[in-house]
Amino acid sequence: MDEELISKKELLDLAGISYGQLYRWKRKKLIPEEWFIRKATFTGQETFFPRDKILSRIEQIKQWKEDVPLDELAKRLSPAGVEIERAGDDLVRLGIVGDLAWRLYADAVPNARILAFPDIVCVYLVHEALESGQVSVDEARQLTAAYPRFVTVFRDMQMRVDLVRKLGVGTWLARAPNAEIALDPQANVAFSVDVASAVEQLKLKLM
């Protein structure tokens, strides 16, 4: 499914920001270059953005820019991994993940106590899946097992992870964020998460 787009003019009006702010944040790498989409219109070339992503990003910038230097904020908003380690129990205590998500991960990786950032992402995705109410405990456990394989294919974590369910049986798949999938008519996507966006949210909680 194509993402809904918003024009630059509508964005500036809706977000209450100036042209200069928008492009300054782009230069500071607070807004990814690939979100500036040039398209032909009847008035000529115009710039559009993925609506939900850009509006969410601008709210994040406006919320944090008074307290966090822009260069530091760019690191927090980047989908790239960071050198962060946390104990699983601390993630639960801080409310970043639920106890069930942590226990499922700890069951799958018995010696895990201090987690590197990619491992924290895995627990966070399991937590988000459970919190959605659309994913069973067994399916969440399957995600814990499948995620390391996904990361070997999408090393930069620029991917969407879907739970596809058919006749009550679920399976997890990872795909490029905007890649189409063709499903058996009897199957449906029960849960879907943009991992890069989840990583951004997670970093804001951790840093």
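**Exercises: a pocket between domains and an aromatic cluster**

Domain 1 (5-76) and domain 2 (86-206) both contribute residues to the lining of the largest pocket, so this pocket lies between them. The domain bounds come from an automatic or database domain assignment. The model is predicted: local features need pLDDT of at least 70, side-chain atom pairs count only at pLDDT 80 or more, and totals for chains, interfaces and linings use all residues. Residues are numbered from 1 along each chain as its sequence is written, and side-chain values use heavy atoms, with hydrogens and water left out.

**Exercise 1.** State which residues lie nearest the centre of the largest pocket.

*Solution.* A pocket is an open set of points on a 1 Å grid over the protein atoms alone where a 1.4 Å probe fits, with protein on both sides within 12 Å along at least five of seven lines; lining residues have an atom within 4 Å of a point. Of the 26 lining residues, Pro-32, Glu-34, Trp-35, Lys-53 and Gln-158 lie nearest the centre.

**Exercise 2.** Classify the ring pair of Tyr-23 and Phe-36.

*Solution.* Rings of Phe, Tyr and Trp (its six-membered ring) pair if their centres lie within 6.5 Å; planes under 30 degrees apart count as stacked, over 60 as edge-to-face and the rest as tilted. Here the centres are 5.4 Å apart and the planes stand at 55°, so the pair is tilted. Tyr-23 and Phe-36 also belong to one aromatic cluster with Tyr-19 and Phe-49.

**Exercise 3.** Classify the pair of Trp-102 and Tyr-105.

*Solution.* With 6.2 Å centre to centre and 20° between the planes, Trp-102 and Tyr-105 are stacked.
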